[in-house]
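Please examine the sequence and the three-dimensional structure shown below. The report that accompanies them is written for a reader new to structural description.

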Amino acid sequence: MIAGVLAATLLTLHAGPRRAADPGAEWCEPSIVYNQDPSPNATDALERVHPLLSRVRWAEAVHNEQWELALRGLRDEIASAFAAAAVGPSEQQRFFAELDATIAAAAALPRRSDPGWANYLTATVQPIRFHPIHLVGTYQLFRSSPLDLSALSGSRPREAQALCWSAFSVNQVLARLSLGLQAATLARLGRLNASWANYRAYGYTRQALEQIAFRGSATVHDTLPGRVQWLLGHLSVGEEVQWRDSTTTATSTVIEVLGGLRYRDDYTQYSGVSAIVTLPVDGRPGFGGMVHFVRSVRAGAVVRRADRKWRPGVIMSADVYGFLDRSKHVVDRAVAMTNGRVLLGDPAEK
Amino acid sequence: MYQLLFVIHGMGAGARPANDPNWWTGTIDDLRASAKKYRHDKDLVLSAPKDEQVLVIPLTYHQLFDDIRSKWSRATPNDAGWLPLLQQLAFHDPAALAKLPGWATTAGSFFWTHVLDVLLYRYVADFTIPIRELVATQIAEAWNRADLDNGTNTPVHFLAHSLGTAVLHDSIGFLGADPGFGPTTHMITSIVTLANVSWVLENGFPAYASVDRPITAAPPPNGMTAAYFSFRHELDPIAEIVRTFRGDHNGWPANGYRDEVAIDVKDWNVHGFTHYLDNPIAHLRLFERLWPNEDWPPRRDPAIAAYKSAPGAPCPAALAMARQKLEALFANPFPQTTDGFIDVAVATFRVFEQARDACREEGGR
């Protein structure tokens, strides 16, 4: 017993200045406790629940995800530590009520492959529940039925020490358990960020009229850009080719009067359709439709009244506002390539 | 075990010289200079933390604003032509959209470097959403790494300034809704906010009822912050005039929330990150959370006295002018709305621009 008290005192001295701003820091502050150097040969029941020592003893069970085994084992050790530190019955009762509820929850933990695993872990196990809380000027254990550790530290420091070290020992097991949740979160965040980056890099420009007409289509409650993008009066330029004379082209203003695009899951591509009106520099307007096959590749068919007949044509369009979202050079090159295919690609029409 | 200190910037962080692109350079230098008095400067590291050290993680989102400024620069050679491009964006508040030309004229050069950041973040969902997700990712990645390294829950602290307080609030709200980083699996040891604007810029996550609130604050489900601190300057209109952040007026108990008002003026930019951080009332609060085994209270009064007697920027006439004009702003009636807040910010930056020019004439910066 005396050796245990001595060891604990030495451990406290090792932690730094004795006087702390907030009473209880030497036992309840993780940045202090986890930077101590307890003896691995400690036999005192109180010192044995130092989290750096208990971690070693229960490492294998934790590694094998035998959560209930580790928690039950810790419970026995904590009971001994509480006895050694003469922790009051009221504090013991509250601590073990939390611990027993946690053990029961861990015993019924679904398999990790179970879709309800994450929800069960957060709602029932509540892994953070044993972490001491450093409030303003004081330390507290537990949220629902708080234990004021600073008050305890002043008059009964060994009890505060036993409670906090024990809490850290349980907490680190539960922290390891909850690490499994973080991987899924990081993967989800990665997908969201990639989607936004793709949307900014490859998305079809939203022009002023569309911004005004469909204002608020994205809200702060969303996590991704809208999968559907409506087109309204979307302006671009295109090269129009007469059906019977593919060597003659005319530059036209293309207005996508109304249409819609749908993005793929990762927002690198989209496809859709729109109703269009084309306005050549010198000529009558054409009417038709356009298909966005994939990003930057869109083509349409139009008919134009000429010589008292409706004459068909093909239109290729470039997004004149594309420079806002990607280099104009890339747009120009894509337009040139598609024009080349139209002009040279179908000998049967020549 | 090492601790994490996330530091997040406010508006205007992208306006930097080409030879010093990292927004955090001056902030971390200042923080280290303050910590040096207590022999903790070497404990604040930006990489490869050792036991007992504090890994500082700068949270950066200004690149999204810089990108659009860069695109506009390619579209039109000077910022006079940017206004129509800004008006094309999907502002979800017609009142704000209508006020844009007036704001651009009044705020001067600060409009495109500073006010624009607030407008894009607050009013355009295509910025709000990806920014909060980007910041949430930066937090989650560092936190996860630290928990793995430490083998348990890492003590985590946040230091936020100005617009960064709102971005941080939203990002924690977003991240905390995910089971992997919510209030039942994680705890934030401290949040220290300087010129907190998260109430006035509230957008989707209620300022006082989201997961970043103190653990001891109602209502359930629980918050995840052990201690939340808010500092504002009595002459900082951005923090003081419209919807001043007051946790204590909104049910946050004293054991989870404290705020304090700074009064000393050491620079014409009383709203500046480092102007707040240099003040011992702010940085000592952070230090006592980072190193709680030390006896901080006796250090407080001497540090405050030394700060008060320090000379400040070498342009006393400009500082006096700034003080006078900022005081005058407090006499103006401003609507307690978000666009009323932008009115205040614009008027404040107009004063700052005049004070900056006057300070340069006196030989200051």
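The sections below treat a sheet, an interface, a helix and a single residue in turn.

## Basis of the report

This is a predicted model, in which local features need pLDDT of at least 70 and side-chain atom pairs count only at pLDDT 80 or more, while totals for chains, interfaces and linings use all residues. Residues are numbered from 1 along each chain as its sequence is written, and chains are lettered from A and ligands numbered from 1 in the order in which they are written.

## The sheet of chain B

Chain B contains an open sheet of seven strands, arranged in the order β2-β3-β1-β4-β5-β6-β7 with parallel pairing. Helices (H or I, at least four residues) and strands (E, at least two) are DSSP runs, numbered from the N terminus; two strands pair if DSSP finds at least two bridges between them. At the edges are β2 (44–45) and β7 (257–262) of chain B, each of which pairs on one side only.

Five bridges join β1 (residues 3–8) and β4 (residues 156–161) of chain B in the parallel sense. B:Val7 has B:Leu159 in β4(B) as its bridge partner.

## The interface between the chains

Between the chains, 57 residues of chain B are in contact with 54 residues of chain A (contact means that the C-beta atoms, placed from the backbone, lie within 7 Å). On the side of chain B that touches chain A, α2 (62–75), α6 (125–150) and β6 (225–233) of chain B each supply at least two residues. The most comes from α6(B), with 14 residues.

That side of chain B comprises 21 nonpolar, 23 polar and 13 charged residues. Here Ala, Val, Leu, Ile, Met, Phe, Trp, Tyr, Cys and Pro count as nonpolar, Asp, Glu, Lys and Arg as charged, and the others, Gly among them, as polar.

## Helix α9 of chain A

The buried residues of helix α9 (residues 117–125) of chain A include A:Ala118, A:Leu121, A:Thr122 and A:Val125. A residue is buried if 20 or more other C-beta atoms lie within 10 Å of its own, exposed if 12 or fewer, and partly exposed in between. These four residues cover an arc of only 115° around the axis, and therefore lie on the same side of α9(A); the arc is that of the directions from the helix axis to the C-beta atoms. An α-helix has 3.6 residues a turn, so residues three or four places apart point the same way.

The buried residues of α9(A) pack against α8 (89–107) and α11 (157–202) of chain A. After α9(A) comes A:Gln126, with a positive phi near 50°.

## Residue B:Ala104

B:Ala104 belongs to helix α4 (residues 94–107) of chain B. B:Ala104 is buried because 20 other C-beta atoms lie within 10 Å. Apart from neighbours within four places in sequence, B:Ala104 is in contact with B:Leu83 and B:Phe111.

Definitions and conventions. Contact = placed C-beta atoms within 7 Å.
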